[in-house]
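Subject: Structure handover

Hello,

Please find the structure below. My notes on it follow.

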Amino acid sequence: MIALFDDAGFIVGSYVITFGAISFIAWRLIAAGRKLGKQVPDDEKYWT
Amino acid sequence: MTTLEPTEASTAASSVASRSSGTKATRALGIATAVAMTWLLLFAFVFSPADANQGESVRLMYIHLPTIWVAYLSFVVTAVASGLYLFTKKHSLGWDRLAGASAEIGVVFVGLTLVVGSLWGRLTWGVFWQWDARLTTTALLFVTYIGYLAVRRLGGSQHQRAKRSAVIGLLGVLLLPLVHWSVRIWRSLHQEATILDTDLDADIDGLMFFSVVVGVVAFSLLYVWMILHRTRVMAMEDHLEDRGLDIALAERRAEGASR
């Protein structure tokens, strides 16, 4: 396991920023897909 | 333009429009991505050793390299899709949407590369930022594709949008070799390529190398998941724009009537 070290804040902070941003964008994408999916007929969705 | 009454619009929407941008395949891909990301965290914080020179800060490499890899990949896909839009007879807007979606993802990942890189720089060099060749060219890449996204938002038809952004998409990718080889062309604080150097010889410990590979695989899966969802969302946005936003207008009328 990772040892205690002085620079932990920078390292953990970098991971938090990266995974936080990715999670936020993924959530926004899913939300947009659901919202627009209700307004567009299924036969216009080439993936269905 | 024909418009739907509020009741017609809501009935039509609820009867035929039920599916989001997700499918079984994207859900499976999402699960695979989450599993790969979990593996990445385990390798980054548990299995891989500290570096002899950089100490614990080497753990930033496992997100720094995959994020710039996804950015490079995104901009190459943008250029290829732009070319396919411009130089094929059909001029399919599907290629334009792929180019735009990929550029959006690329901008996010270049941004993350710059942020994580500056934090790593603070630990290694003692400063968050230097006007160093690699950092400056990467910032230029970021600004260029912000410009590309701004151009996509200019007015006009969908094909006008596609044509002008495709030209920028093809030109922007020319920055990638400059960014990648900036550390060789100019004297740079930034180290030379660890993995993708010219002799293809990875100069790092085996477990560290494997951790980087896990990161690249995890972020590549994430890229595919994101591009699938984003292009589908864009297709729905374009469809609504084409249809004159009948449903949105009907809803606004309904809102106006209820006041």
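His91(B) lies in the loop between H3 and H4 of chain B; helices here are DSSP runs (H or I, at least four residues), strands likewise (E, at least two), numbered from the N terminus. The phi of His91(B) is near 50°, a positive value in a residue other than glycine. Most residues other than glycine have a negative phi. His91(B) counts as partly exposed because it has 15 C-beta neighbours inside 10 Å. On this scale a residue is buried if 20 or more other C-beta atoms lie within 10 Å of its own, exposed if 12 or fewer, and partly exposed in between, with C-beta atoms placed from the backbone.

This is a predicted model, in which local features need pLDDT of at least 70 and side-chain atom pairs count only at pLDDT 80 or more, while totals for chains, interfaces and linings use all residues. Residues are numbered from 1 along each chain as its sequence is written, and chains are lettered from A and ligands numbered from 1 in the order in which they are written.

Chain A has 1 helix and 0 strands. Of its 48 residues, 23% are buried. Helix H1(A), residues 8-37, has 30 residues and spans 43 Å from first C-alpha to last, close to the 44 Å expected (1.5 Å times one less than the number of residues). Its buried residues include Ile11(A), Ile22(A) and Leu29(A). The cover over the buried residues of H1(A) includes helices H3 (61-87), H4 (93-124) and H8 (206-242) of chain B.

Between the chains, 30 residues of chain A are in contact with 37 residues of chain B (C-beta atoms, placed from the backbone, within 7 Å). The chain A side divides into 17 nonpolar, 7 polar and 6 charged residues. Ala, Val, Leu, Ile, Met, Phe, Trp, Tyr, Cys and Pro count as nonpolar, Asp, Glu, Lys and Arg as charged, and the others, Gly among them, as polar.

The axes of H1(A) and H4(B) come within 9 Å and cross at roughly 170° (lines fitted to C-alpha atoms over the stretch in contact, with angles from 0 to 180 degrees between N-to-C directions). The two helices are therefore roughly antiparallel, a term for angles over 145 degrees. Among the residues making this contact are Phe10(A) and Ile17(A) of H1(A), and Leu112(B) and Arg122(B) of H4(B). By class, the contact has 10 nonpolar, 3 polar and 1 charged residues.

Regards

How values were computed. Contact = placed C-beta atoms within 7 Å. Parallel < 35°, antiparallel > 145°, perpendicular 65-115°, else oblique.
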